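Okay, thanks everyone, let me put this one up on the screen.

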Amino acid sequence: MPVSICYRFSQPFVVLPKQAYLWCTDFSPQDPQFLGYIITGRQVVSLSEGLILLIDVFRTAQGTVVEKQKLVHLYPDTLSWVMTHITGPTKYSQFRYEILEDPDGCHLNYEALHVEYEKVSLSSDEKLQLAQTLCKRDSEMWRLLAVAMEQDLK
């Protein structure tokens, strides 16, 4: 049986909350090479108001081609969204995002429920170590995204 790993972090942004939300939820194809992956295709399918399907095809640094389908529920009134992976190596993993106002701008609250299929039996210490590794990786990615956002919006 797969293992579920939970973790969370916050990332500050020096832009207005609404700007951050719109930037973060703009799923149109961007840079074809991003964070070690070469994106070869992205489809954005509107399923209904506030519900989209993202279909990403990318090549890893090792040359493996991966397709991920993600269901995204948008909640613009609360500047939040939920992304659920429905295919790919992290199928059924779910990520919650919320933008909250701060005196200097805003911050993102990120909460993950990562489903790990490769490691089907982990001790408590191994789960904690994996959660720390995943959290560090994702928080570093969002730190880079914050820099890109500030460059785009300033």
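So, the rings: Y7, F9, F13, Y21, W81, F95, Y97, Y110 and W142 form one aromatic cluster. Before I go on, this is a predicted model, where local features need pLDDT of at least 70, side-chain atom pairs count only at pLDDT 80 or more, and totals for chains, interfaces and linings use all residues. Numbering runs from 1 along each chain as its sequence is written, and side-chain values use heavy atoms, with hydrogens and water left out.

My pairing rule takes rings of Phe, Tyr and Trp (its six-membered ring) with centres within 6.5 Å; planes under 30 degrees apart are stacked, over 60 edge-to-face, and the rest tilted. By that rule we get eight aromatic pairs. One of them is W81 with Y97, stacked, at 4.7 Å centre to centre and 5° between the planes. That pair links distant parts of the chain, with W81 in strand 6 (residues 80–85) and Y97 in strand 7 (residues 94–102), 16 residues apart. Strands here are DSSP E runs of at least two residues, helices are H or I runs of at least four, and both are numbered from the N terminus. W81 and Y97 are both buried, and buried means under 20% relative accessible area, with exposed over 50% and partly exposed in between (1.4 Å probe, protein chains only).

Y97 also pairs with Y110, edge-to-face this time: 5.3 Å between centres, 75° between the planes. Y97 is in strand 7 and Y110 in strand 8, so this pair ties together parts 13 residues apart in sequence. Y110 is buried too, like Y97.

Now, what does the side chain of H107 make polar contacts with? H107 is in strand 8 (residues 105–116), and its side chain makes polar contacts with the side chains of D102 at 2.9 Å and N109 at 3.3 Å. Polar contact means N or O atoms within 3.5 Å; within protein, one must be able to donate a hydrogen and the other to accept it, and residues adjacent in sequence count only if both atoms are side-chain atoms. H107 is buried, at 17% relative accessible area.

T25 sits in the loop between helix 1 (17–24) and strand 2 (33–34). T25 is buried as well, at 13%. Leaving aside neighbours within four places in sequence, T25 is in contact (heavy atoms within 4.5 Å) with L74 and W81.

Last, helix 2: the buried residues there include L130, L134, W142 and M149.
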